[in-house]
Amino acid sequence: MSSKDRLPEWAPADAGPEFAVRIRAATTAAGAMRAGGRRAGRHSVAELAEGVRERDPTRLARAITLVESNAPRHQEEARELVRLLAPHAGAALRIGITGIPGVGKSTFIEAFGNLLCDRGHRVAVLAVDPSSTLTRGSILGDKTRMEKLSRRPEAFIRPSPSGGSLGGVGRKSRETILLCEAAGFDRVLVETVGVGQAETLVRSMVDCFLLLLITGAGDELQGVKRGIMELADILAVTKADGANREAARRTCRETAAVLRYLQPATPGWKTTALTCSALTGEGVGEVADCIERFSEAVRASGQFERRRSEQNLDWLRRLVREALEERFFSRGAVASEWKTLETAVLSGELPVAEAALRLLEAGEAQSTSTTTRR
Ligand SMILES: Nc1nc2c(ncn2[C@@H]2O[C@H](COP(=O)(O)OP(=O)(O)OP(=O)(O)O)[C@@H](O)[C@H]2O)c(=O)[nH]1
Ligand SMILES: [Mg+2]
């Protein structure tokens with residue numbers, strides 16, 4: 001940290017050296033450009049925005065790294081970058097792809113992504129995977145499973161963000177989608193692992209949601225009973241090849257039968273079940289056609305725009321909630337009161353509701369005293 005860095009205006013008055021947030025000496029685009037000399041190879045916000053618009057994959061990757069950064073000093077630059085690029089975003093069809101671990105998402109994306117490129121699309125692939133923070137497993141997996149796609153100039157593959165809470169990953173994924181769109185990708189695929197919470201989050205940022213299923217894995221495991229099926233617009237029973245082909249078709253028929261009793265995820269669109277094999281490519285074209293039909297139907301009915309607007313409001317609410325939470329917990333009084341209350345709650349001395357109230361009061365008291373002092 002440079003000695004020129006200072007505490008932000010909203011920092012608590014009694015913030016000590018342990019308070020992690022600092023404002024960098026240079027925060028404007030021009031200032032950041034000068035500051036860029038500090039680290040080798042670092043681009044200014046304006047240069048990054050320009051590189052993204054010019055479809056330069058290296059600067060797009062750097063731009064995403066900036067947006068994903070949890071470092072407070074990067075967040076202002078990230079906001080500036082998104083502000084510059086947002087007017088050029090929004091044109092892609094955003095497709096979420098989910099399913100239990102090992103269902104074949106990455107292999108499907110390899111086949112499907114290549115097919116989209118063959119059809120003249122530019123494809124960006126992102127991953128929302130809260131578990132990768134710990135295991136980083138899917139990053140390695142994606143690289144090997146999407147070998148051909150990763151070499152195509154029309155494709156861009158971004159592995160899972162390497163840090164942050166589920167909320168954090170989600171917030172950054174939306175911004176990453178915007179950056180990819182500004183870079184001219186017209187199909188954005190968002191892969192997420194089937195763990196419920198991540199699926200709801202991804203549903204809230206895509207236009208079309210595809211659930212991959214396999215035969216014989218059991219409804220319970222595949223989230224059918226957890227309501228995941230109700231989130232999907234298209235269900236594809238994958239690995240429908242070799243000895244598994246007939247069984248997959250049967251599962252598809254059974255799935256279609258269940259769908260008749262469910263509320264569709266998108267008003268005006270009848271949720272569709274299909275079979276495919278990412279290994280042989282059979283049926284992948286049909287899934288792609290079905291997604292295009294979905295896109296045409298929702299655009300024609302106005303549902304597409306309606307969902308995008310609702311998603312923006314949802315995003316706004318999430319951002320405000322996250323920011324409030326961050327600010328609240330960064331207050332010195334909250335941190336010190338937290339330790340006392342934690343002990344009291346654990347020992348059973350204090351009811352949880354009472355502890356929550358005290359913590360809120362401690363935070364509000366500090367907020368008031370800070371405001372008065374200014
Ligand atoms: N026979 C057959 N095997 C497949 C097919 N698609 C994927 N597989 C295999 O299934 C295994 C898992 O595939 P992945 O694509 O890594 O699955 P994933 O859903 O991305 O897995 P995670 O990212 O770990 O959640 C691999 O061994 C693939 O080779 C398919 O269409 N047919
Ligand atoms: Mg995968």
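Predicted model: local features only at pLDDT ≥ 70, side-chain atom pairs only at ≥ 80, totals over all residues.
Reader: How do you know that the length of helix 5 agrees with its number of residues?

Author: Helix 5 covers residues 105-118, which is 14 residues, and at 1.5 Å a residue these should span 20 Å. The end C-alpha atoms are 20 Å apart, so the two values agree.

Reader: What makes a residue of helix 5 count as buried, and which ones are buried?

Author: A residue is called buried if 20 or more other C-beta atoms lie within 10 Å of its own. In helix 5, K105, S106, F108, I109, E110, A111, F112, G113 and L116 are buried, so each of them meets that cut-off. Across the chain, buried residues make up 38% of the 374 residues.

Reader: How do you know that the span of helix 14 agrees too?

Author: Its 15 residues, 332-346, should span 21 Å, and the end C-alpha atoms are 22 Å apart, which agrees. Helix 14 also has a kink of about 25°, centred on W338.

Reader: What makes V188 stand out in the largest nonpolar core?

Author: That core has 79 residues, and V188 is among those that touch the most other members, together with L81, L179 and L210. The core draws at least three residues from each of domain 1 (1-88) and domain 2 (89-311).

Terms used
Residues numbered from 1 in each chain as written. Chains lettered and ligands numbered in written order. Helix = DSSP H or I, 4+ residues; strand = E, 2+ residues; numbered from the N terminus. Expected span 1.5 Å × (residues − 1). Buried ≥ 20, exposed ≤ 12 C-beta atoms within 10 Å, placed from the backbone. Core = buried A, V, L, I, M, F, W, Y, C linked by C-beta atoms within 7 Å. Domains from an automatic or database assignment. Bend = angle between axes of the 7 residues up to and from the residue.
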